[in-house]
Amino acid sequence: MVLDSAEFHSAVYSVVRQIPVQKVTTYGHIAKLVGMPNHSRHVGQALKYLSPDTNPPVPWQRVVSSTGAISSRGPGTDGAQRQREALEAEGVEVRIGRTGELLVDLKEDGWFPSPSEIQIENEG
DNA sequence: AAGGTGACGCCTA
DNA sequence: GTAGGCGCCACCT
């Protein structure tokens, strides 16, 4: 498996598509599920390179960092806000941290299946 | 070719 | 509970 391959991307997408509504998981856990536990950053890359018209859709809003924080994507961008709105529209509670960070409760809404509980397109 | 960056995560003070 | 440092590796300059 090569990191920047279509294979890697489709593996990531197939996992993300299996996140249930009103649940969230982390970049790191997805990395583990696709068999590359030290490549959480590349999970973010794969989502970043998603096109809006990807079909079937990939619920990228259900992926957050290991602390439960929604990644800001840098000061001039609205990605974090759009992710918050998408999550709240699904019924997921999003809190605001002291420094204005958007936080979800991983204890309550986290979804961390073992690899055997999911299907990975490339391997199945 | 070389160095910096990033939709991250873990370990240590 | 918070902050800072380091590891990670494809991509961009």
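By class, the residues lining the largest pocket are 8 nonpolar, 11 polar and 4 charged. Here Ala, Val, Leu, Ile, Met, Phe, Trp, Tyr, Cys and Pro count as nonpolar, Asp, Glu, Lys and Arg as charged, and the others, Gly among them, as polar. The model is predicted: local features need pLDDT of at least 70 and side-chain atom pairs pLDDT 80 or more, while totals for chains, interfaces and linings use all residues. Residues are numbered from 1 along each chain as its sequence is written, chains are lettered from A and ligands numbered from 1 in the order in which they are written, and side-chain values use heavy atoms, with hydrogens and water left out.

**The pocket.** Select Y27, G44, L47, K48 and R73, which lie nearest the centre of the largest pocket among its 23 lining residues. A pocket is an open set of points on a 1 Å grid over the protein atoms alone, where a 1.4 Å probe fits, with protein on both sides within 12 Å along at least five of seven lines; lining residues have an atom within 4 Å of a point. Its volume is about 680 Å³, the space filled by probe spheres set on the points, which are joined across faces, edges and corners. Next, colour α2, α3 and α4 (79–90), the elements that give two or more residues to this lining; α3 gives the largest share, 6 residues. Helices (H or I, at least four residues) and strands (E, at least two) are DSSP runs, numbered from the N terminus.

**The cores.** Now select V12, V16 and L47, the residues with the most contacts inside the largest nonpolar core, which has 22 residues. Such a core is a set of buried Ala, Val, Leu, Ile, Met, Phe, Trp, Tyr and Cys residues joined through side-chain atoms within 4.5 Å; buried means under 20% relative accessible area, with a 1.4 Å probe and protein chains only. At least two residues each come from α1 (6–16), α2 (27–33) and α3 (40–48), and α1 gives the most, 6 residues. Leaving aside residues up to four places away in sequence, V12 touches I30, V34, V43, A46 and L47, a contact being heavy atoms within 4.5 Å. For a second, separate core of 10 residues, pick V64, I70, V94 and L106, which are included in it.

**E121.** Move to E121, in the segment after α5 (106–109). Beyond residues up to four places away in sequence, E121 touches S10, S14 and R17. The C-alpha atoms of E121 and S14 are 6.1 Å apart, though 107 residues separate them along the chain.

**Whole chain.** Finally, zoom out to chain A, with 5 helices and 4 strands.

Key. Buried means under 20% relative accessible area, exposed over 50%, partly exposed in between (1.4 Å probe, protein chains only).
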